[in-house]
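Subject: Handover of a structural model

Dear colleague,

Please find the structure below, together with its sequence.

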Amino acid sequence: MEAEQRLLALLGRSVGLTRAQLARELGLSKATMSGLVGDLLARGAVIEAEPSAGGVGRPGTMVRLTGPDRAFAVLRWSGHHLWSTLSDFGGGMLARQFGEGPVDLDQTELLADVAAELAELHRLADRDPAHTLGVVLAVPAPFQPGVGMPRPGPSAWAAKPEESPMWAHAGWLSTDPVPALEDLLGVPVIAENDANLAALGEATAQGLDSLAYLKVTPNTIGMGIVLSGRIHRGANGFAGELAHLQADPQGPLCYCGGRGCLRGLLGPALLDAVRPAYQRDITFQDVLTLAAAGEPGPRRILGDLGLTIGRALADFCTLLNPAAIVVDGSLGAAGEIVARSVRESINRHSAPQAAAAVKVLCGELGDSAEVTGALALLRQPQHPSRTS
Ligand SMILES: [Zn+2]
């Protein structure tokens, strides 16, 4: 009954699908689907109902599972904080948490943290964990299923992987943590780069088929790419690693093994550039707030950052002809300063046809872009890390 299991799994991560949609998603004939749904209806495992008023674009009678709505959890890190949410498949938020959560953990610590976080989400939402269908980890680094963080070469650190400078960044990515998490939690786990999830979230929310999403954090910049409605991960999960573009061939070594990476101009270096003018300690959030309030210095810093990124994005636009570049909506008003400079660089350096086609926008979803992206990803039938 493999087809029935696939059908039940697909229904479990939807709020209802028509028989035609189910047949298409699973690659089955309408007659076969009709037989499968008929059996499940007879056993009371599913019901058929008209779509709710919000079901725009999904006409027809929908098949859905009986029983309580299924839920999924998303965990993501930002700086030294961990955000976690429990949502239903209609996009409703059941519980959310925000607290201290360092990302520089080893895998044993990660497993314990994720299990504790999930237990707390279920307690807050007063939900039975048995109704949670899966967990999505928004990974704050490039991620390759079966590997963890992609290696810079076949033999790099093969003898002593613990000495890699990459593991000081996030030791739990020295191998793929998904199998151990699935064993511990007893549910499917998907690990996906956080900027990729946010890119898919904004693409879904804004109805865009192809875009690049800039995720700006206090320490670095990430980029997610969506092409033809799907995340583009590249050959080993390194696609969109904007922070590792070479900004200075003579610059300092980066933990990725490259030299003079753009990352070196961000985080502490960016704050060092601002601090002398204010002669006090200053945070990245201070820079955003001051820029949004009209302070010329921080505006200039963010504008220059946009010009630098925009130079690389200009070539990206010429080569891939995306519909949009979306700047992290969680930056608030300061995001518009970055977006304007990116636009300026693209106008100056892209082929005019590509520049004319691309919109430069601020994200609509703010810090919920990853959760929307996780939902969109769960609804897609195949993901490289999904085993079921
Ligand atoms: Zn680098």
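Predicted model: local features only at pLDDT ≥ 70, side-chain atom pairs only at ≥ 80, totals over all residues.

Residues are numbered from 1 along each chain as its sequence is written, and side-chain values use heavy atoms, with hydrogens and water left out.

Domains

The protein chain is assigned domain 1 (2-65), domain 2 (71-196 + 370-379) and domain 3 (205-366); such bounds come from an automatic or database domain assignment. Between the C-alpha centres of domain 1 and domain 3 the distance is 41 Å.

The zinc site

The zinc ion is coordinated by ND1 of H244 and by the SG atoms of C254, C256 and C261, at 2.0 to 2.3 Å. Donors here are N, O and S atoms within 2.8 Å of the metal (3.2 Å for Na, K and Ca); water is not among the atoms, so sites may look incomplete. Along the sequence, the donor residues follow the spacing H-x9-C-x1-C-x4-C.

The arrangement is tetrahedral because the four donor atoms subtend angles of 104 to 124° around the zinc ion. Four donors count as tetrahedral if all angles lie between 85 and 135 degrees. For comparison, the ideal angle for four tetrahedral donors is 109.5 degrees.

H244 is located in the loop between β11 and α8 (268-278). Helices (H or I, at least four residues) and strands (E, at least two) are DSSP runs, numbered from the N terminus. With a relative accessible area of 14%, H244 is buried; this term means under 20% relative accessible area, with exposed over 50% and partly exposed in between (1.4 Å probe, protein chains only). C254, at 15% relative accessibility, and C256, at 18%, also count as buried. Leaving aside neighbours within four places in sequence, H244 is in contact (heavy atoms within 4.5 Å) with F238, C254, Y255, C256, C261 and R263.

Five strands form an open, mixed sheet in the order β11-β10-β9-β12-β13. β11 (230-231) and β13 (359-362) are its edges; each has a single partner strand, so one side of each is left without a neighbour in the sheet. Two strands pair if DSSP finds at least two bridges between them. Strand β10 (residues 221-227) and β11 run antiparallel and are joined by two bridges, and V226 has I231 of β11 as its bridge partner. Helix α11 (residues 334-349) lies across β9 (211-216), β12 (324-327) and β13, at about 170° to β13. Axes are lines fitted to C-alpha atoms, for helices over the stretch in contact, and angles run from 0 to 180 degrees between N-to-C directions.

Another open sheet has three strands in the order β1-β3-β2, with antiparallel pairing. Its edge strands, β1 (17-18) and β2 (46-49), each pair on one side only. Two bridges join β1 to β3 (residues 62-65), and T18 stands opposite M62 in β3. Helix α3 (residues 30-42) lies across β2 and β3, running at about 110° to β2.

A loop residue

P102 lies in the loop between β6 (93-100) and α4 (107-125) and is partly exposed, with a relative accessible area of 33%. Not counting residues up to four places away in sequence, P102 touches W77 and H80.

Yours sincerely

Notes. Tetrahedral: all angles 85-135°; square planar, octahedral: opposite > 155°, others 65-115°.
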